[in-house]
Amino acid sequence: MQWNWEFTYEIMPRMLWATLNTLMAAGVGYAIAVVLGLALALAQRTPYRGLTLVVREVVEFIRSTPLVLQIFFVYYVGPQYGLNLSPWVAGMIAIGLHYASYLSEVYRGGIESVPKGQWEACIALNMTPVKTYFRVIIPQALPPSVAGMGNYLVGIFKDTPMLSVIGVAELMHAANAIGGQHYRYLEPYTIVGVVFLMISLPSAGLIRAFEAWVRRKLGMR
Amino acid sequence: MSYPEFLAQYGGRYIDGALITAAQFLLAAALAVVMALIMGVMKLSANPVSKGIAVVYIEFFRGTSLLVQLFWLFYVLPLFGLTFDKFTTGFVAVGLNLGAYGAELVRGAIQSVPKGQWEASYALSMSPATQMRRIILPQAFVAMLPPWGNLIIELLKGTALVALIAVSDLMFEARQINGSTYLSAQAFGTALIIYYIFARFLITPFMRWLERAMARRLGRG
């Protein structure tokens, strides 16, 4: 089997268009995960023991079961109860929830790394819990979380091909479709691999640079 | 159909699927551990060729996603005359992918062994191989076991993807049952719970036990 450049050029526009969809899926999923993850992390720090235990167990469950199965679950269970979700919506819910549970662990580590004296100072200053979190604790918990958050940003990007199983028109889906139409799998699948390498390798470096920048900005060496 | 009836009718197929998943998991884990050890040590090598091989292996498998690698192995390699059956392709792809992540853990753990240990074993005129085997690796093992626990769970989740190349594992059975019954919540929910049981009640306790056993062997228990 020979590499066919003509075919490569022919399918390139479609692959690049699908790359945009992949990036969008990763971005939207990540945005959901960042917000929801914080909620999951904070829910485990309330004084309500029952809530903490339930959220902890839910996070464990989501973290230790396969994302691809969760995607199927979200997509197919809705219609069974009369709720029809489009592939995009179901995919974003599943991937957002999955990574929210990962990010909640990152946040938890970050929050726990804030020295105890900071909490005591907030109590001494009579700050409300909301003010304590948003003005004192979270800003300090962020720098140690940046590395973990960045890794999961690359992670979510690399997991987007799984969305193709329910028909989200991202890169892998386009490659499958092109392969099926032309009976040529070499070029589409190789392009997918190359695109992933070209995006994820530089972003790992960018994330390290960003982490150093955040630390410098906050005067933490 | 009530849930007990559902289980009575399809329980056997879930067990068959779970056994295939367990086999995929064990074979992929064995391959991942071997690849991680070889590539992790090679990345620290002074020889630029072996170091280069390790870097390419690690960056390639970490930079593209598992699903892409799996499809590439399954659809593209046969075009070059290399045909493996789908079962082999499945665990090889998962093992190679997670082995790349493991190699970084191995490298980090070897580097975390205190310098004095290297110097002492050098002073005792141990050969590099003996030094690695008797002094450095046992200590590195203890250091890297906790992160390996997470990686092994990732590996279990990774094996769910082999269903997409029609290996009849747990997720494959869940999809089949969903297709024939339209009971999506039961079909996918049962599979999710089985994965959770694997992760939480078999793999995690085993890794904890291994951590304790290794620490005891080094007299740190």
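Author: Helices here are DSSP runs of H or I with at least four residues, numbered from the N terminus. Phe188(B) is found in one of them, helix H8 (residues 184-217) of chain B. Keep in mind that this is a predicted model.

Reader: Why is Phe188(B) called buried?

Author: A residue is buried if 20 or more other C-beta atoms lie within 10 Å of its own. Phe188(B) has 24 such atoms within 10 Å, so it is buried.

Reader: Which residues does Phe188(B) touch, leaving aside neighbours within four places in sequence?

Author: Contact means C-beta atoms within 7 Å. Phe188(B) is in contact with Leu69(A), Phe72(A), Phe73(A), Tyr76(A) and Val77(A) from chain A, and with Ala174(B) and Asn178(B) from chain B. Phe188(B) is also among the residues that touch the most other members of the largest nonpolar core, together with Val68(A), Leu69(A), Ile71(A), Phe72(A) and Leu155(B). That core has 116 residues, and its largest share, twelve residues, comes from helix H4 (residues 87-112) of chain A.

Reader: How far is Phe188(B) from Arg208(B), 20 residues apart along the chain?

Author: Their C-alpha atoms are separated by 29 Å.

Reader: What makes up the contact between the chains?

Author: Chain A gives 31 residues and chain B gives 31 residues. On the side of chain A that touches chain B, helices H2 (49-63), H3 (67-80), H6 (129-159), H7 (171-182) and H8 (186-217) each supply at least two residues. H8(A) has the largest share of that side, with nine residues. By type, the residues on this side of chain A are 21 nonpolar, seven polar and three charged.

Reader: What is the secondary structure of chain B?

Author: Chain B has eight helices and zero strands, and its pattern along the sequence reads α-α-α-α-α-α-α-α. The C-alpha trace of chain B spans about 70 × 50 × 20 Å along its principal axes. Of the 221 residues in chain B, 40% are buried. Among contacts in chain B between residues at least 6 apart in sequence, 78% join residues at least 24 apart.

Reader: What does the same test say for helix H1 (residues 5-43) of chain A?

Author: H1(A) has 39 residues and reaches 54 Å from its first C-alpha to its last, close to the 57 Å expected. H1(A) bends by about 45 degrees at Met12(A), and Pro13(A), a proline, follows within four residues. Buried residues in H1(A) include Ala25(A), Gly29(A), Tyr30(A) and Ala33(A). Their cover includes H2, H4, H6, H7 and H8 of chain A.

Reader: Which residues of chain A does UniProt list as "transmembrane region"?

Author: The unreviewed UniProt entry lists residues 20-41 and 189-210 of chain A. In the model, residues 20-41 of chain A are 100% helix, with end C-alpha atoms 31 Å apart. Residues 189-210 of chain A are also 100% helix, and their end C-alpha atoms are 31 Å apart. For chain B, the unreviewed UniProt entry places the feature at several spans, including 20-42 and 141-167. Residues 20-42 of chain B are 100% helix, while residues 141-167 of chain B are 70% helix and 0% strand.

Reader: What makes the phi of Tyr183(A) worth a remark?

Author: Most residues other than glycine have a negative phi. Tyr183(A) has a positive phi of about 55 degrees although it is not a glycine. Tyr183(A) is placed in the loop between H7 and H8 of chain A.

Reader: And why do Tyr183(A) and Ala166(B) count as exposed?

Author: Tyr183(A) has 6, so it counts as exposed. Ala166(B) has 12, so it counts as exposed too. Ala166(B) lies in the loop between helix H6 (128-159) and helix H7 (170-181) of chain B, and its phi is positive, near 70 degrees.

Terms used. Residues numbered from 1 in each chain as written. Chains lettered and ligands numbered in written order. Predicted model: local features only at pLDDT ≥ 70, side-chain atom pairs only at ≥ 80, totals over all residues. UniProt positions renumbered as here; feature names shortened; annotations may be inferred. Contact = placed C-beta atoms within 7 Å. Nonpolar A, V, L, I, M, F, W, Y, C, P; charged D, E, K, R; others polar. Core = buried A, V, L, I, M, F, W, Y, C linked by C-beta atoms within 7 Å. Expected span 1.5 Å × (residues − 1). Bend = angle between axes of the 7 residues up to and from the residue.
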